[in-house]
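Hi,

Here is the structure I promised to pass on. Have a look at it first, and my notes follow below.

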Amino acid sequence: MAVDIRLASTCVRLKPESIDELTNLVTPGDVITSDTGFMRGHGTFMEDGKHHASVAGVVQRVNKLICVKPLKTRYNGEVGDIVVGRIIEVGMKRWKVDTHSKLDSVLMLSSVNLPGGELRRRSEEDEKLMRYYLKEGDLISAEVQSVFNDGSLSLHTRSLKYGKLGQGSLYLVSPSLIKRRKTHFHNLPCGVTVILGNNGYVWVCPTEGEVSEQTGGYEQNFEPVVRADREVVARIGNCVQSLADHRMMLFDTSILYTYEASLKFPVKDMMKPEVKTEVIDLARQRLERDGT
Amino acid sequence: MRETPLSNCERDFIKTAIAEKKRIDGRQAYDYRHVRVSFGVERGCCMVNIGDTRVMAQVSCQVVEPKQARPADGTLYINVELSPMACPSFEPGRLSDFGVEINRLLERCLKESRCIDTESLCIVAGEKVWEIRVDVHVINHDGNLVDGCSIAAIAAIAHFRRPDITVSGDEITIHPASERDPVPLSVHHMPICVSFAFFEQGKYLLVDPTDKEEKVMDGRMIIGMNKHREICTLQITGQMLLLKDQVLRCSNIAVVKVTEITELIHKALENDREERAKGGKYGFAESVPKNKVTSNHKVSAPVDMETVEDHVTSTFSQNDDVIEIDSDAASTSESDDSVVIMDKGSGAIGLGGPSTWNVDDEMSELKEENKSNTTKTKQQKSDTNIVVSIDDSSEEETTEILVEPSIQKQKKKKGKV
């Protein structure tokens, strides 16, 4: 068994990268401004005519609206977001899904594609067979259809790219690190598919061949995955975790650059602190060079 | 707030491990985690640690009117608080179902078994009696809260002293602690709850489940018993059916556990009593071991090391001293055991064996090659162990590794780095 020994004195501390962000950092209770002309947004409250922050984060100002974007938070859903979630309960005509938000999200029976892909009214039979489609513990990818009054999300999987997830790895990162993009499903050239859920759940799996149109997103491929594919999945997963540890934004380019920078190290060494720092530094330099 | 649910892989892993008689923290099926009972400065304050689960109980007393039905009996009131500090799924305020279950169990275990003599709590029959109140707070939840709460409650009750009273005619004087020494409660016996977790419809059973094991279990049985082999309470929850011989077997296991834990509580009470009698310092601050670098206290690893010994004695038969501990006994012949200094301030022992995952055909050929190479690099035997300090530029941090002398060659190389 391999044992690593490190002296605490040589441990490198992460340095904050962008200095201008630091001037806008607030902690709960800090006064943001005494000007009463501003409207208060998320993460702020008014006291004695002054705006205070209620969360620890970065102050953002849009015209007359002041809000504080928290650094560490549960996922707050918006309509149209892609999420990766785990089924917790099977209930009456709905499934309860865990998406790392403050309340459980809901997936209605009428919002899923039935296996076989037919379009028909949902009957009693369908309700009884719900557990055969999705049961507790299954992972799904879905889109947020609407947000209820109390903030809980209603999901749907009414497209063939959503549905039950098969063989792959799930990584949990903070939702604030996922960059909002036009698409969150990326097929990387190294042969893996990455789904960056807006809720911080990142799914990495080997790229499937042709997706069959008739199955409606429920057929799962249980053939054993070859070792080479599994290594690539593990490497991409380690890249995602390294980026999250260094608080860098996660998007397809940053993951790809980190992957290419990590190729000279064996997969199992990637989680060592010094290797992580080196790989992330290389990726960061490349990203800055490209101007993103 | 809901916790992140356990993934299917983790569930399957824990269940498969239990089917092979292995627990993820290395314990045996009937082993408890390390139980620690400590008392505070105030009388009646007790903190119990079962592994990472922490529960604190505080006993207080008050003079009240007795119940109509029992005018000559004092009352015992138990209150369990599950704070969100213990687990994010505990909500503050109203007690959840789980909290009500623990509360009810403790009440049955302590009140209905008559562990305290309530008649001795009577001051004036029909008018004034003592009400003993036990507040149990859960500080950290890592599984098996019921056991923790019951040990904390009964230990706190045994530790508590109530003020002394004198009744002269119609006048009752309650003496403060400064005038007269407080009087202990009369505890008849110490009922302690032992939890059993069942898997696969009662086929496998574990004592003292951790948080992860609780999430995966089918059902649970709680036996409240005292050391005189009297069962005070029995409860089965969850989705499972048990046979009667399983219940009997569990009660036999519970006897052993309860005896051990009662011993532990008595010892802790003794220690506390001695400290207080001597005039020494007592309380939580004193019971915490000091974390000094030079105080060499290491909790022994609970992982099974038995299989390693055979390997060590066979290959190092000439050498008397045990050299190193290598937990992968099966394929250790390949790995190199001396310390390799990688960089300034970091080193590595061993390069790891071959992967024990899905071994493909091409991998097995590589394994043969490796085996033949590394058998030549077996380290030389010598007579003594050498303690080597690896210093870096700063004097504060030094790492001491007990290694074999082949490290000396490596150390000389390091001087050039």
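A word on terms: the expected span of a helix is 1.5 Å times one less than its number of residues, and helices (H or I, at least four residues) and strands (E, at least two) are DSSP runs, numbered from the N terminus. This is a predicted model, where local features need pLDDT of at least 70, side-chain atom pairs count only at pLDDT 80 or more, and totals for chains, interfaces and linings use all residues. Residues are numbered from 1 along each chain as written, chains are lettered from A and ligands numbered from 1 in written order, and side-chain values use heavy atoms, without hydrogens and water.

Helix H2 of chain B (residues 97-111) has 15 residues and should span 21 Å; its end C-alpha atoms sit 20 Å apart, which agrees. Its buried residues (under 20% relative accessible area, with exposed over 50% and partly exposed in between; 1.4 Å probe, protein chains only) include B:Ile102, B:Leu105 and B:Cys109. Among the elements covering them are helix H3 (145-159) and strand E6 (128-140) of chain B.

A:Arg180 pairs with A:Asp81 at 2.9 Å between the closest N and O atoms, linking two loops 99 residues apart in the chain. A:Asp81 is buried, at 5% relative accessible area. In chain B, a network of salt bridges joins B:Asp25, B:Arg27, B:Arg33, B:Asp142 and B:Asp208.

Cheers

Key. Contact means heavy atoms within 4.5 Å. A salt bridge is a side-chain nitrogen of Lys or Arg within 4 Å of a carboxyl oxygen of Asp or Glu.
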